[in-house]
Amino acid sequence: MRCGHARTVRRLLAPALVVVLGGLAASVPVGAQSPAQSRGRSLVIVQAQDPQRWDPIATFLLSWGMVGCNLFDGLVDRGPDLVLRPGLATGWSWISKNTLRFTLRRGVTFHDGEPFDAQAVKFTFDRLLGPEGAKGPQQGNYTSIDHVQVVDRYTVDFVMKTQDPVIITKLAGYGAMIVPPKYIQERGSEYFSSHPVGTGPFRFVEYRKDDHLTLAANTRYWNGAPRVSAVTYRFVPEAATRVAELQAGRADIAQGVPVSQAGVVKGDPSLVLMPVGSPTVIEIRFDPSKPPAGDIRFRKAITAAIDVQTIIQTILQGYGHRVSTFQSPLSFGNDPALAPYPFDPQRAKQLLAEAGVKPGTDVTLSFPSNNADFREAAQAMVSELASVGLKLSLQPIEQVTYFSDTIPHAKTGQMYEFGWGGWTLDFDNTAYLLYHKGEYWNPVFSDADVEKYLEQERSTNDQKARLQAFRALDRRLYDLAIDFPLWQQVNLWGVNKRVRGFVAPPDDRVRLLSVSVQ
Amino acid sequence: MTRAAEARPALSALPAPGRRRTAPPGLRLTLALGLVLVGASFAAAVAAPLLAPRDPEAADLRARLTPPAWARPGSPYLVGTDAIGRDILSRIIYGARVSLEVGLVSVAVSGVSGTALGLVAGYYGGWWDEVAMRLADLQLSFPFILFAIVVIAVLGPGLSRIILVLAVTQWASYARLVRSETLVVREADYIQAARALGVSDGRILWRHVLPNAVSAVSVLATLSVANNILLEAALTFLGLGVDPSVPSWGGMLADSRNYIQTAWWDSTFPGLAIMLTVMGFNLVGDWLRDRFSPRLQG
């Protein structure tokens, strides 16, 4: 009797809790008109991060690109297929070794009515390369440009200071977005940063920090009017909440569905899960100034002790691709012939013994605390490293501190997580900022050979020679094992079925021009 | 209390003073339940290596999110595994260590320091009293979670920081409680007598004043243990607490929240562990309060 009673209680209690907790996570009204339908032709997107500064020269965040590609245009345009095509310029050609000429599109106006012409292009790049640009993180990407010269109202010349093999790609993103001269001169950069104006398919309506940004369709867009009337980006840092909002119909598109919730989205009849391989790669970097990470045998032991493939198959549920250098297969400079270091715990033990690392040695792995997938992977690594005799301590750090202080000031543990977008799809950007001595992201590491190969690939436009230099660089980094590249990230998008024409973009730039709702 | 008991025998309808000391049967049952729950969590913390069926940190990725044994007969994991493939039962048993350590140490530190300050403030009054009580006001007016985030942002996360945060934010409650008890007692005849006999202040505080405050402090302390276990879980849930690989109940909840719809056991059992332990401390605390310190009844 008593026993039966206890069992009943247990049987009732556990599911009851789940129902209560589950109900908090996602409540779907039954019978009522779905909130998604009641929004009509306007679209709601939930994304993890609020970039806060909307000025293109003041940001380096993918979350900016997600919105920015709808507000602004560059001279060159890169869609979700990653192909470069004309944007605000209708064509371009090298008229001499260091002069790149652009023919501009006619009849384009900014959202505030200001006309787009050669002056706007000159203003944009003068601003980017001048003192205003020096305050932000974008200037460094464009220092190969010496200046921009106006030829006539619809023709400009880019006069180059140094060779830049990636310049056309760079003109399709971030700092190279064309901004309105009169508006910025009259209102100032600070106002522009919170009330952005561009030439894109959507115009700015309203922004509330850490809450939402609303855009309305620019019906006079040069490439045709958008099909949705308005779009609201809501900033929801918590992944489970984004999925819950999507399930409840309060959002149409959710960015960054965590792998742990992929099944939830997949199983929902009104939603579609869209995975897309991204240029983002995840790795563990070593800080060689912190013993024993200065010892190459220790670093190689770590690469042999962690079973990355199993982590990808289980924790990432296959949503990730193993990489051997810190770039995705989409990246120019990737060497597919390099095989990732194999999982071999015996070898790891042997290397540790050779390096004189005593069993039970404490090593620390730092990572940003909001990265749920890596947090799980890191905990699996604790167990894996324990079996080769290392005690791994995990140090989650609040993400803003992590990127603005911990990494640039070398305050991490011997190992730290690092993710990198590589949006130019050319290894140059990644490799230079991460391995060139003294860069913001590279406070410690330096190697003469690495510097040599970087110099080689930067100093020529000859793509064959560059590829060769990259291959040599790949090999050198691989041999040094200064970092441990783990996987190429597969981004998961959750989309309500009422949304048509949505293409999951590898670079997070969600183009809304041809998206419509039913 | 003695005086009240002496007055009572005149009314024959009331139970004799001796009888009053035993609690009514309902109260005894809840006390027993409380003691069992608290005892169980202590046993888990002390004897974790003996009780836990497995290593709480050993992950078997291929066995991740295995349901409890009754839902999947033949599974070696009684209440299932988490997202890394670790045994949830073993982690709950080891997790009791973190919870109790935080609960007890933070209460001990804040209790002892708060009591000492309260005694000094209440007994000497004047300048001492002003400084201690204004500090207490300052402390009590500062939002806890903001303080916790600031401290952890500056010092970095960790068990010792959590204990520090809890201790620093809670001494004021003890100080106020003890001060008020001291204010009452210090005018009592026997204190005056002791003073007249030349007994030192330290001895008066220790032997005559402190014993009067102990019962109230112990009630507050017991209830605070429960509260602090919850706060530890909350801070760890927010990522401000202990190293994620160290088994702790709050950390387990944080790690499992993404699986709440697909693997209910991952969050349910750590949640139950917190609930039952906190309930145990609360039941014992309530009983202590009813028994010793009727004035604290809300």
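This is a predicted model: local features need pLDDT of at least 70, side-chain atom pairs count only at pLDDT 80 or more; totals for chains, interfaces and linings use all residues.
Which residues in helix 11 of chain B meet which residues in helix 12 of chain B? Trp249(B), Met252(B), Leu253(B) and Ser256(B) in helix 11 meet Asp266(B), Ser267(B), Pro270(B), Gly271(B), Ala273(B) and Ile274(B) in helix 12. By class, this contact has six nonpolar, three polar and one charged residues.

**Helices 11 and 12 of chain B**
- Helix 11 covers residues 249-256 of chain B, and helix 12 covers residues 264-292.
- The axes of helix 11 and helix 12 of chain B lie 9 Å apart, and the two helices pack at an angle of about 155°.
- Because angles over 145 degrees count as roughly antiparallel, helix 11 and helix 12 of chain B are roughly antiparallel to each other.
- The crossing of helix 11 of chain B past helix 12 of chain B is left-handed.

**Ala234(B)**
- Ala234(B) belongs to helix 10 of chain B, which comprises residues 201-237.
- Ala234(B) counts as partly exposed because 18 C-beta neighbours are found inside 10 Å.
- From C-alpha to C-alpha, Ala234(B) is 37 Å from Tyr123(B) in space, and the two are 111 residues apart in sequence.

**Chain A as a whole**
- Chain A contains 18 helices and 19 strands.
- The C-alpha trace of chain A spans about 85 × 65 × 35 Å along its principal axes.
- In chain A, 48% of the 518 residues count as buried.
- Of the contacts in chain A between residues at least 6 apart in sequence, 71% join residues at least 24 apart.

Conventions: Residues are numbered from 1 along each chain as its sequence is written. Chains are lettered from A and ligands numbered from 1 in the order in which they are written. Helices (H or I, at least four residues) and strands (E, at least two) are DSSP runs, numbered from the N terminus. A residue is buried if 20 or more other C-beta atoms lie within 10 Å of its own, exposed if 12 or fewer, and partly exposed in between; C-beta atoms are placed from the backbone. Two residues are in contact if their C-beta atoms, placed from the backbone, lie within 7 Å. Axes are lines fitted to C-alpha atoms, for helices over the stretch in contact, and angles run from 0 to 180 degrees between N-to-C directions. Angles under 35 degrees count as roughly parallel, over 145 as roughly antiparallel, 65 to 115 as roughly perpendicular and the rest as oblique. A crossing is left-handed if the near helix is turned anticlockwise from the far one by less than a right angle, and right-handed if clockwise. Ala, Val, Leu, Ile, Met, Phe, Trp, Tyr, Cys and Pro count as nonpolar, Asp, Glu, Lys and Arg as charged, and the others, Gly among them, as polar.
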